[in-house]
Amino acid sequence: MKKILRFNLNGEEIEVEVEPHWTLLYLLREVLKLKGTKEGCGYGECGACTVVIDGKAVNSCLYPVMEVQGKKVITIEGISKPDGDLHPLQRAFIEEGAVQCGFCTPGMIMSAYALLEEKKDPDLEDIKEAIEGNLCRCTGYIKIIDAINVAKRRMG
Amino acid sequence: MNFNVVGQKIPKKDAPLKVTGQAIYIDDVELPGMLYGKILFSKYPHARILNIDTSKAEKLFGVKAVLTAKDFPPNFRIGFMKDNPPLKSGKVLSTRDEIAAVCAISPEIAEEAINLIEVEYEVLPGVFDPITAMREDSPILHEEIGSNVLKLPWKLTCGDVEKAKKESAYVVEDTFTTQWVTHCCMATSGCVAYFDVNNNLTMYSNTQIPSLAQNDFLEALQAFGLKNKRVRIIQVTIGGGFGSKLDTYPYEYIAILLALKTRRPVKIVFSRDEEFFATSPRQCTITKISQGCDKEGRLTFREVEMMLDNGAYTSWGATTPSVMMMPISSLYKVPNVKYTAKCVYTNNTYCQAMRGYGNPQATFAIESSLDHLAEESGIDPYDLRMINANEPGEITPQGFKVTTCGLKECIEEVAKRLNWKEKRGKGQGKRGVGMASLIHVGGGARVYKSDGCGTIIKMDDFGKVDVFTGASDIGQGADTVIAQIVAEEIGITVEDVNVIHNDTDVCPWDVGVHASRTTFVAGNSALYAARKMKAKLLEIISKVLEVPEDDIVIKNGVAYSKSNPEKSVPLARAIRRAHFTRGGCMLMAEHFYDPNNENLDKEFKGNLSAAYAYGTHGVEVEVDTETGKVKILKYVAAHDVGRAINPLLLEGQIYGGVLQGIGYALSERMIYEGGYLKNGNFLDYKILTVRDVVPVETVIVETDEKEGPFGAKGIGEPGLVPTAPAIANAIYDAIGVRIKDLPITPEKILRALKEKSSPK
Amino acid sequence: MKAFEYHIPKSLDEALTLFKSLKNPMYVAGGTDVIVNIKRKKISPENLISLRNIEPLKVIEKGDVLRIGSCVTHEDILRNREIERYYSALYDATSKIGSKQIRNVATIGGNICNAAPSADTACPLLVFDAIVRIYGESGERSVPLDDFFVGPGLVSKKENEIVTCFELPIFSPYTGSAYIKHSRREAMDLAMVGVATRLTFSVGKDLENLKIELRERDLGKLEEEISLHDLEIREVRIAMGVVAPRPKRAKEAEAYLTGKVLNRETIRRATEIAMDEAHPRDTIRGEAWYRKEMVRVLTRRAILLSVIRGIESQS
């Protein structure tokens with residue numbers, strides 16, 4: 001039975017009809033047509049589907065859509081400025097060579113986004129903790145860590 | 001040499017699309033009226049199909065087509081041995097065999113329909129390893145072939161191995177085994193197929209071989225009775241390749257047939273489960289190797305015998321021996337070489353290309369064995385390598401013409417940075433250092449009759465350039481490197497160059513993204529095309545500035561007279577003058593570059609590549625002797641790349657390759673039991689996370705390869721070729737135990753340590 | 001995914017009522033096990049009843065006991081200074097569960113009730129003698145955690161009952177604990193073997209100079225230092241994961257070590273007894289002989305780490 005869901009998506013209050021068994025990932029990609037969040041495995045084991053809910057990074061492929069009620073959701077489409085200016089993380093990922101095939105990138109950036117929103121000066125341990133749930137097969141992670149450090153310095 | 005743009009750390013051109021979530025991958029593709037396809041895979045690894053009942057599936061609301069083998073032309077087979085029908089009939093030979101397929105208006109209905117298909121099997125006994133499969137009393141998989149041993153000619157003989165063996169001062173013999181590992185591309189496989197009103201096919205695809213795939217699909221269309229049609233391949237943003245998309249798969253032909261039957265676009269995208277069990281992994285190997293040297297440590301011979309589990313059908317895994325010959329014959333100077341490889345059908349999964357294409361497997365054996373030889377002969381492994389290191393100008397026993405070769409520099413750098421002399425043999429039973437080298441093709445590889453790549457380049461009235469290349473970008477940075485080469489040659493900025501690489505309607509022919517050939521071959525193709533364009537530009541500018549052509553220099557899109565710099569004109573204006581007038585001309589150039597390399601002859605000899613890449617990796621490890629866990633303390637990767645066109649992207653290739661290599665060495669393996677994959681998910685298949693990262697020191701050796709664009713050679717694969725033996729050799733130095741079977745797990749180390757301290 | 005209805009009760013009684021009235025119901029907290037199991041077709045509930053918005057279940061409070069609500073997320077546990085300092089084994093375990101994304105929604109109640117033999121929070125809670133409080137139609141009841149685990153995926157509670165919280169005693173000074181998770185990779189992994197220990201001890205000799213370097217990596221040296229101070233074990237708990245159908249206490253090893261003075265020999269003996277109490281299987285995730293061996297190795301390391309922490313907690 002369809003239910004009405006009201007929540008804040010990327011800064012905008014929205015209202016949408018959902019089936020209760022949907023995951024947030026399904027709602028974002030298939031219904032709202034926001035394709036930036038990716039499905040890598042569907043079981044919460046790769047992090048490609050990471051979005052930020054009330055400041056916390058979560059795997060949207062396992063997040064029941066009804067739990068989104070009244071919450072604040074941010075996806076990769078929501079972190080650049082309204083005028084199109086990129087978020088420092090996005091800029092740093094580009095400049096530091098942290099993007100190869102790019103499939104893990106939206107999820108990776110959202111995990112880093114949640115980290116930098118919570119901690120202004122995370123150390124290497126904090127960074128690893130924040131992205132240990134985001135698998136990347138191309139980059140070997142080193143340049144991703146560099147990019148997060150560069151973004152952190154620019155935002156600080 | 002002073003370059004403007006070559007050698008600069010230029011960010012990847014499509015990165016902005018990727019960081020904003022705007023890049024379109026295969027699962028993001030949505031077309032009007034699109035249907036979703038799903039495949040039913042076999043329940044058993046070896047069985048006769050007695051009956052397939054699709055009636056319930058066909059009746060399900062929303063299902064638009066159901067296919068079984070009878071819908072394909074009889075005898076339609078794919079794969080280079082033509083032994084693989086897209087949908088199976090008669091017998092199934094593995095648990096990844098495709099039995100039926102449906103398409104429906106939603107993925108959920110498609111999945112429900114699959115579950116409604118009823119298949120009656122007669123289970124047959126299966127064989128799950130090549131040795132058993134070769135026995136007289138073992139079941140034959142392909143009954144029409146009559147044998148489980150593939151008729152493949154893998155045999156290389158150089159010199160006289162028997163004689164050399166007798167004359168050697170030291171000889172070692174070992175057997176090494178390597179496991180199945182899989183690509184784990186973060187985006188799963190998939191395609192969208194649709195036909196236009198005239199039955200021309202368009203495929204949205206992840207393929208790494210657009211031109212060859214076009215050919216494969218055209219053959220399919222002909223088999224379906226569609227003659228004289230067009231096939232257009234549009235590559236989406238590819239979420240990882242690593243060789244997994246070097247062959248065409250049954251699911252693609254299934255999507256095509258579903259699209260033909262329904263007259264609607266059909267999308268098939270694998271779930272992660274399917275990606276694990278239904279795509280083709282890296283070829284596993286059993287390798288018996290013997291090497292010898294004289295009293296001075298000069299290698300005398302290398303004899304290698306390999307057995308390959310071919311799986312149920314044949315893909316590129318069966319051709320990895322043709323690449324394994326390369327390190328076997330040409331890694332270090334070894335005058336006498338003998339190599340044979342046998343591929344055997346089993347009821348297991350079948351393998352295809354994966355980064356390195358057999359080289360990692362062979363190098364693991366060669367470089368581990370070399371350290372054994374070092375021990376036997378009393379010569380330090382570093383010295384043994386330096387004594388036998390390849391040098392520029394040599395011709396190897398297989399006929400490779402080595403042009404540039406920075407191997408000695410790589411070995412030296414690694415030894416220096418590891419503090420080899422201080423650390424080797426002094427780890428007190430816990431720490432150790434080890435190294436291993438690599439050779440790989442670096443100037444294309446004439447695997448097919450052509451190793452070519454075409455480029456068309458046009459400049460518009462605004463001084464902006466579009467480069468249409470046959471090459472593909474699979475995340476490695478081809479789009480950016482090609483832009484740099486063109487920008488450097490013409491004298492414009494990288495921003496002003498747009499590289500179009502993903503539409504066969506528009507892009508010229510290329511043999512594919514393999515063999516680390518893109519920078520070299522596609523780069524050269526673009527370079528020569530850019531040179532032709534520059535010649536035309538100089539002609540135009542000469543008239544505009546009224547100076548001779550050799551007096552002109554172009555920088556950042558502006559042309560100057562060298563002798564009189566005040567005489568200048570922006571390119572855009574000069575071109576407009578030439579074009580926007582009566583009798584005007586347009587500015588285009590093209591070049592098809594086919595490197596100066598050779599097909600291997602019937603004896604597998606010849607100069608396969610126009611240049612060869614070399615490198616050495618060194619590792620310092622610490623072994624926890626109570627748990628068997630290995631910690632990598634230091635990793636040095638030295639690579640002879642000719643010239644680093646883009647150090648940022650190059651480092652990215654090395655870091656990525658090294659981490660994949662560490663996974664190959666220590667943690668990754670596909671666990672099959674009785675033909676079933678037991679760990680087909682990210683929890684139980686251990687690719688490495690950020691917490692497993694080790695600091696990697698990269699050393700770039702630039703030997704300036706004359707044949708390469710601005711001196712460059714290939715780097716895509718070398719990053720993971722020597723990783724496993726470097727780690728294995730370091731472990732040996734630490735604890736005196738040699739693990740010859742990948743992956744080197746804590747259990748294997750602990751067991752070996754126990755056996756060493758109390759031998760039975 | 002097969003369809004289900006999703007309900008969000010605001011109180012325990014509302015949850016119980018929903019469970020009673022709905023067809024094929026199942027409780028869900030963070031969803032990281034339940035949703036995965038539905039996707040893998042292991043279960044197919046028609047009604048999910050979410051416990052994650054019942055406020056009393058999300059509280060950590062310290063009074064005469066430490067009470068951890070069942071719907072406290074792993075992230076919340078990691079942020080709790082009390083737990084980090086005085087219940088270190090639980091902190092160790094929680095920090096290694098899954099990933100940040102999982103820890104942000106997954107709950108300690110879910111981890112325990114899912115009852116995988118590898119459940120990371122199980123062994124720490126066992127060594128803390130945790131009591132499980134359960135709410136049902138006939139009101140509240142409590143069960144020692146050791147009696148709560150029945151088998152793989154099975155706990156001793158009726159389907160409609162709800163675990164409300166875990167109660168952990170406040171321990172005397174010189175109590176230290178540790179949990180070591182042995183896995184193949186450093187993140188996003190299940191334990192191949194897990195060992196938790198808690199020691200409550202007294203210092204017999206030279207208390208003023210009792211200062212043991214946490215950074216000392218040579219375990220032999222640590223054991224030597226420790227034996228100089230006559231540390232007598234008042235209470236010890238050792239729990240092992242993935243060596244039995246359910247997380248298991250090494251009670252014989254505990255009995256041996258109680259009352260003993262800690263030194264190389266007593267530690268060695270205790271780890272050997274613990275190893276004999278472990279009965280792991282061969283699975284694709286690990287071989288039995290190796291898991292047994294690791295019990296011996298990790299118990300020693302966990303005991304030493306527990307001692308160091310017990311000493312540090314008093315400084």
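A salt bridge here is a side-chain nitrogen of Lys or Arg within 4 Å of a carboxyl oxygen of Asp or Glu.

## Basis

This is a predicted model, in which local features need pLDDT of at least 70 and side-chain atom pairs count only at pLDDT 80 or more, while totals for chains, interfaces and linings use all residues. Residues are numbered from 1 along each chain as its sequence is written, chains are lettered from A in the order in which they are written, and side-chain values use heavy atoms, with hydrogens and water left out.

## Domains 1 and 2 of chain B

An automatic or database assignment divides chain B into domain 1 (15–22 + 452–593), domain 2 (31–124 + 189–269) and domain 3 (285–446 + 600–757). The C-alpha centres of domain 1 and domain 2 of chain B lie 40 Å apart.

In contact (heavy atoms within 4.5 Å) are 17 residues of domain 1 of chain B and 18 residues of domain 2 of chain B. Three salt bridges are found across this interface. Asp505(B) and Arg230(B) form a salt bridge, with an N to O distance of 3.1 Å.

## Chains A and B

Between the chains, 43 residues of chain A touch 51 residues of chain B. The buried area, meaning accessible area (1.4 Å probe) lost by two parts on being put together and summed over both, is about 3900 Å², with 59% on carbon and sulfur atoms.

Nine salt bridges are counted between chain A and chain B. Arg29(A) pairs with Asp28(B) in a salt bridge, their closest N and O atoms being 2.7 Å apart.
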